[in-house]
Amino acid sequence: MRKIVDRITAFLTCSLMVAMVLVACWQVFTRFVLNSPSTVTEEFLRYALVWLTMLGAAYTYGLKKHLAIVFVARKLPEKIQRILDFVVEAIIIVFIVSVLLFGGTQTYRSAMGQVSSALGMPMQYLYLSVVVAGVLFIFYAFIHIFETINKIKQTDLQPKAREQINP
Amino acid sequence: MALQAGLILAVVFTLLLILSVPISFSIVIASLVTALFILPPDLAVFMASQTLVTGLDSFTLLAVPFFILAGVLMNNGGIAERLVNFAKVLVGRAPGALAHTNVLGNTLFGSLSGSAVAAAAAVGGVLGPLQKKDGYDPRYSAAVNIASAPIGLIVPPSGTLIIYSLVSGGTSVAALFVAGYLPGLLWAIACMVVAYTIAKRRNYPVTERVSLKVAFKTFIETIPSLMLIVIVIGGILAGIFTATEAAAVAVAYTFLLTLAYRTVKIKEFPKVLMEAVELTSIVMMLVAASAVMSWVMAFTGIPGAISGFILGISDNPIVLLLLLNVFLLLIGTFMDITPAVLIFTPIFLPIVTGFGMDPVHFGIMLVMNLSIGTITPPVGNALFVGSSVARLNMEEVTKPLLPFYAVIILVLMLVTYIPAISLMLPNLLLE
Amino acid sequence: AGEDGHSTTLRIAHSLAEDHPIHQSITQFADLAHDNSDGAIGFEVYPNGQLGQERGTIEMVKSGLIDMAKVSASGLESFSSSYSIFSLPYVFQSKEHYYEVMNNSEAVQEIFQSTRDDGFIVINWYDGGQRSIYTADKKVESPADMNGMKIRVQESPTSIAMIKAMGGAPTPMSFGEVYTSLQQGVIDGAESNETALTNSKHGEVSKAYTYTEHQYVPDLLIISTNTWDSLSTEQQQALKDAAAISSESHIDVWAEAIDQAILEAKEMGVAFYEIDKQPFIDAARPLHESYQSQNADYERYFKDFQSYAN
Ligand code: NA
Ligand code: NA
């Protein structure tokens, strides 16, 4: 299940990145070479960046790669670190549910009827990115919690072996 | 109200950071908690989610993912080695030749890849073993590598300067780019002077004299990589594209270059792309989160309260700039560049423009301060990577780094108090 | 009660600097409305886009997060297309015509109320001057003169169609990039009122300002429907009275600012050209027709606007 979600997200974000490079080059080409500037590329690029960031941020959260200050937490005893993992995950879930899911839905609803100025695209499509990211985030949050539970089980079962691997 | 709000924001934010909650989420949650003291919950979360999106809705910001992608392509593209060979030809006859090659290599490669970490790893990784073979003390070579790794953060193109342009309310990216050259050059020269002095005392060898033919061949091999600078900066100055578009052109060019060098297989491109997507999302999520924090700060009047406090200490520009430098160096010591630029620009810029400082000049000073932070303990990415490619502990390289810190701070003072170092080139070239 | 003794505090956002005439007029409005309400209503003005750019602040007003915002009429187009009439090129034939319509037209009031159910209404308009074409050094007298010239436009269908009709190649671009793009020749020109030459320093890189006067786009003060309905009738009247006075006196404030801008721009070496606008007016006519053909209301609005021309 995780693999499928990972794959789809990776595919979407990478395609978006490639498309953005091509569209930006196309923008230069239409203006400098064709002397007839494209009027929709700029808006497309701005909104593509929003989608790329939202989906990519969820994916990166799945990999636990967002920058954090860990030098305090790393000094704590292993057991406390595991408890801290839960606390951090719980705090992030509060962020996901309140801002991304609840706030995102509100923003999505309030954009009804508004259209983008160049593409004429419903602005709801832009804010949809927050809600979609919220769903992805919550998916990864649950995976993280299961992983932490597994880790705790392992530490409890073989505390010695673990210390050897990770002094 | 501003003081209470500022206190809540700072305390919650610090607490979350210590708990090791990722910085971007910490920013949003701390802002949300602060907002809840004034706004009803439904409006507070609406504000947060809406501002996450509008904070990203900027054409200028697009340059960041593009330069990140170009940088990642370059790290995988064998470009570092070619630049090192080129640098060796240029500075090979000076005592401690390989150390100077390292400084120059970091400047060139860092300028192109825009990453202090990538420079420390790629250039230091190539040169470290060679220096050891020539009898250099590994602690010395690691210190040289680390001290010069962040130069590319202010030498254009620079993603950090683009983010500064955005939060400073649209300072010209072209001007910032051109302004970064001299300070970056001074930083490189300062490192080379220290490296030279130590190398001379320890009798570190020069590299073998290369024949003119080999020198020429090395140069020819490097031209395609160096062309990237010509294309990006030249294209902007010639009015072919804007700074943002230049970033996309840089990607296209680097892509062709890696194809030509055959260093990245087509099969590996998804991996390279994914690396760029991850880096982009991390940085952009920070940008989005900071927009939420800026909103809450503006809404509660925090920036005004802070600048009132600072101006209460002194209204002498010389003293204020010194205070700002000390503060920013401290911030840079344990905070990453991007969030620091995003959080502190809106607070400090009004103060310095208040006494007539040019936003371009302040941008260079700010980014230089924070770049130094990447090589200072206790937390510094370039410091970590630079020591680990040299197989050393952070503590082992800190002492040999001291003379380098001293000269870099000296350059920082020059950049701070002599506006011309930053502003001369933009005034000259952007006419 | 609020901390300053007001029963309500209204928050107003706009994206211009504190030394801009609009900021002065909004502050004046806030002070007057405060007095008119016997101190019951307080105001907090957030300038400089501190709370976000225009589109974002409109959304915030709609949701009730903030109470009021100053926005350009063209920025409201993507929320309700009826506002696009204000950006139609040459819908106003002169400054006098523009003032007549804005102050007296029933259609204007109807448009201002038309977004009531969407979450906001317009309670006031401010003179934003005329918009004209400026280029590096070329005076433009007709669509033929503008052939192939890349002119920066705001990202709106009306503006894009307008520059096309006027003969140029419309180039949407974020405002922050315009200065360098003019300087380096990425674009050949831009269009705005005279203050762009001084406030945004475009006069340093554009030396020819031709009075094409293709648009008079008013700045509008919008208020959240929720906020408006929460006020008593007397308080609403207090706001309306303050709005009318600040709108009226803004015309003089603005005229003074424009005179000052022209003076400063001339010192920067900018030349100002008066031209016969007829070729451009003729070129814009198809846009008027296609606007009116969209629906019966728009046709009625357009006719109403034109009835104030002399
Ligand atoms: Na760089
Ligand atoms: Na540091």
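Predicted model: local features only at pLDDT ≥ 70, side-chain atom pairs only at ≥ 80, totals over all residues.
Helix α9 of chain C, spanning residues 233–267, contains E256(C). E256(C) counts as exposed because its relative accessibility of 61% lies over the 50% cut-off.

## Annotated transmembrane spans of chain A

An unreviewed UniProt entry assigns the feature "transmembrane region" to four stretches of chain A: residues 7–29, 44–62, 83–104 and 124–143. In the model, residues 7–29 of chain A are 100% helix and 0% strand, with end C-alpha atoms 33 Å apart. Residues 124–143 of chain A are likewise 100% helix and 0% strand, and the C-alpha atoms at the ends of this span lie 29 Å apart.

## Helix α3 of chain A

Helix α3 of chain A covers residues 78–110 and includes L84(A). With a relative accessibility of 11%, L84(A) counts as buried, since the limit for that class is under 20%. The C-alpha atom of L84(A) is separated by 41 Å from that of M112(A), a residue 28 positions away along the chain.

A salt bridge joins the side chains of R82(A) and E78(A), with an N to O distance of 2.9 Å. The two residues are 4 apart in helix α3 of chain A, so about one helical turn separates R82(A) from E78(A). R82(A) counts as buried at 10% relative accessibility, whereas E78(A), at 31%, counts as partly exposed.

## Salt bridges within chain C

The side chains of D229(C) and R116(C) form a salt bridge at 2.8 Å, N to O. Because D229(C) lies in helix α8 (residues 225–230) of chain C and R116(C) in the loop between α4 (106–113) and β4 (120–126) of chain C, this pair ties together parts that are 113 residues apart in sequence. D229(C) is partly exposed, at 43% relative accessible area, and R116(C) is also partly exposed, at 31%.

R285(C) and D282(C) meet through their side chains in another salt bridge, at 3.6 Å, N to O. Both belong to helix α10 (residues 278–292) of chain C, where their spacing of 3 residues corresponds to about one helical turn. R285(C) is partly exposed with a relative accessible area of 41%, and D282(C) counts as partly exposed at 38% relative accessibility.

## Salt-bridge total and network

Over all chains, the count comes to 22 salt bridges. A network of salt bridges links E42(A) and R46(A) with D57(B) and with R55(C), E59(C) and E155(C).

Technical notes
Residues numbered from 1 in each chain as written. Chains lettered and ligands numbered in written order. Heavy atoms only, no water. Buried < 20%, exposed > 50% of the residue type's maximum accessible area, 1.4 Å probe, protein only. UniProt positions renumbered as here; feature names shortened; annotations may be inferred. Salt bridge = Lys/Arg side-chain N within 4 Å of Asp/Glu carboxyl O.
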